[in-house]
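Welcome, and thanks for taking a look at this one with us. Here is the structure, followed by a short tour of some of its parts.

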Amino acid sequence: MKIQKILNILTLLTGAIAVTITSLWIGKQAYFWLPPQAAAESQLIDDLISFLVTLGAFIFLGVTSTLMYSVIFHRAVKDDFTDGPPIHGNVTLEVVWTAIPILLVFWIAGYSYQVYEQMGIQGPAELVHLHNPLAMESVPNNPLAEPVEKIDVLAKQWAWVFHYPERDITSTELHLPSDRRIRLALRSQDVLHGFYIPAFRLKQDIIPNQSIDFEFTPIRPGQYRLTDSQYSGTYFATMQANVVVESPKDYQQWLAQAATQKPSPAKNQAASEYAQTSNQSIKTGWVTVTPAAPPLVNSPG
């Protein structure tokens, strides 16, 4: 009997170790499921997702392995149709399987809130900090703590407009220097919008009639996509813009070149689609808000 008990314990330990190692491996694979880390803050979100995947895999494999073990090694013998032992309850077991999920939920909530704070994501809490806006904390070991480039971002139905106040340049394409701290002043001209760059792991709601400061550090040169994460009306799917991360030298060259260009109306897909619909003899679809006039920009992108 003692030998059987020892074998059961060894089997349980071996299974727990195998499930743990497999879960950790699956959690590491989660990094490859995501876009490249184009901002220093991306690591925070990727680590959180990897943690959640690891935890989910551990629970899934643990439950599945227990069921398989029970089915394989604890089957009733052939032609045995008797009932099992009349177990009425186990208080210790009930306390354990209630306490563990509660602790896991608090663990996930605490870790998520820590990342939320470090990212400086400001939702309704921004209304409490109007005169003392929260700034995104620097990623650990990132010496670039102070903003070096300030850019005004205006969201409206349906276009993104970026203004560089130091050079008085306006563009519909967001240019950013790599390895430099960026501070965006986010504003909405009309309704609720969402500033979302998947490659940066950044998503911030933009509240009408408020200015929200948002900081981050792009680290990977390339072209990425900015979209509106909030439904803002009929043509919200057209509310996209290119995000170009380039070396500081190339960034300064772009600013200098854009400064020589006279402001002209930018191409606006929402306005073009609305004009085509308005010219149709037969009206189809729902009545929609008239898109704002195409912005005047130095660089249309």
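Predicted model: local features only at pLDDT ≥ 70, side-chain atom pairs only at ≥ 80, totals over all residues.

## Strand β10 and its partners

Strand β4, spanning residues 174-177, pairs with β10 in the parallel sense, and four bridges join the two.

Strand β9 (residues 222-228) also pairs with β10, here in the antiparallel sense and over six bridges. Within that pairing, G222 stands opposite V245 in β10. Strand β10 itself, residues 240-246, is mostly covered, with five of its seven residues buried.

Now let's turn to G194, which belongs to strand β6 (residues 193-197). Is G194 buried or exposed? G194 has a relative accessible area of 0%, so it counts as buried.

Setting aside neighbours within four places in sequence, G194 is in contact with W160, Q204, D205, T227, D228, S229 and Q230. I207 sits 13 residues away from G194 along the chain, and the C-alpha atoms of these two are 8.7 Å apart.

## Helices α2 and α3

Finally, have a look at the helices. The axes of α2 (residues 42-73) and α3 (residues 91-119) come within 10 Å of each other and cross at roughly 170 degrees. Because of that angle, α2 is roughly antiparallel to α3.

On the α2 side, the contact involves L44, I45, D47, L48, F51, L52, L55 and I59; they meet L104, W107, I108, Y111, S112, V115, Q118 and M119 in α3. Sorted by class, the residues in this contact are 13 nonpolar, two polar and one charged.

Conventions. Residues numbered from 1 in each chain as written. Heavy atoms only, no water. Axes fitted to C-alpha atoms, helices over the stretch in contact; angles between N-to-C directions. Parallel < 35°, antiparallel > 145°, perpendicular 65-115°, else oblique. Contact = heavy atoms within 4.5 Å. Nonpolar A, V, L, I, M, F, W, Y, C, P; charged D, E, K, R; others polar. Buried < 20%, exposed > 50% of the residue type's maximum accessible area, 1.4 Å probe, protein only. Pairing = 2+ DSSP bridges.
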